[in-house]
Amino acid sequence: MILGRHTSDDVWRASLAKAREGRWIAQRYFAALENERRESVNYGIYVIAGEACGIYARVQAGMTDAAALSAPALVR
């Protein structure tokens, strides 16, 4: 994954040139809410046959990487 906001113009343009036709190449940036430790929660939705069926959450300060903490995600 290449984040345009965190890469040079040259790398971004090269990434767009190599993108598969018909696939997503961009997503609008948004600033995540952070707690007092500058951590944010990254939610991932599991989808099967087009239907949401689960959720996964990671807590991370900065960009999500291997040091992210898996967190319980409770849904009512």
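In the hairpin of β1 and β2, where two residues lie between the strands, Ala49 adopts a positive phi near 50 degrees. The model is predicted, with local features requiring pLDDT of at least 70 and side-chain atom pairs counting only at pLDDT 80 or more, while totals for chains, interfaces and linings use all residues. Residues are numbered from 1 along each chain as its sequence is written, and side-chain values use heavy atoms, leaving out hydrogens and water.

Helices (H or I, at least four residues) and strands (E, at least two) are DSSP runs numbered from the N terminus, and two strands pair if DSSP finds at least two bridges between them. β1 pairs with β2 in the antiparallel sense over 10 bridges, and Ile48 has Glu51 in β2 as its bridge partner.

| Element | Residues |
|---|---|
| α1 | 9-18 |
| β1 | 39-48 |
| β2 | 51-61 |
| β3 | 69-71 |

The three strands form an open sheet in the order β1-β2-β3 with antiparallel pairing. Its edge strands are β1 and β3, each of which pairs on one side only.

Ala32 is placed in the loop between α1 and β1. Because its relative accessibility is 36%, Ala32 counts as partly exposed, a class lying between buried (under 20% relative accessible area) and exposed (over 50%), with a 1.4 Å probe and protein chains only. Ala32 and Arg13 are 19 residues apart along the chain, and their C-alpha atoms are separated by 25 Å.
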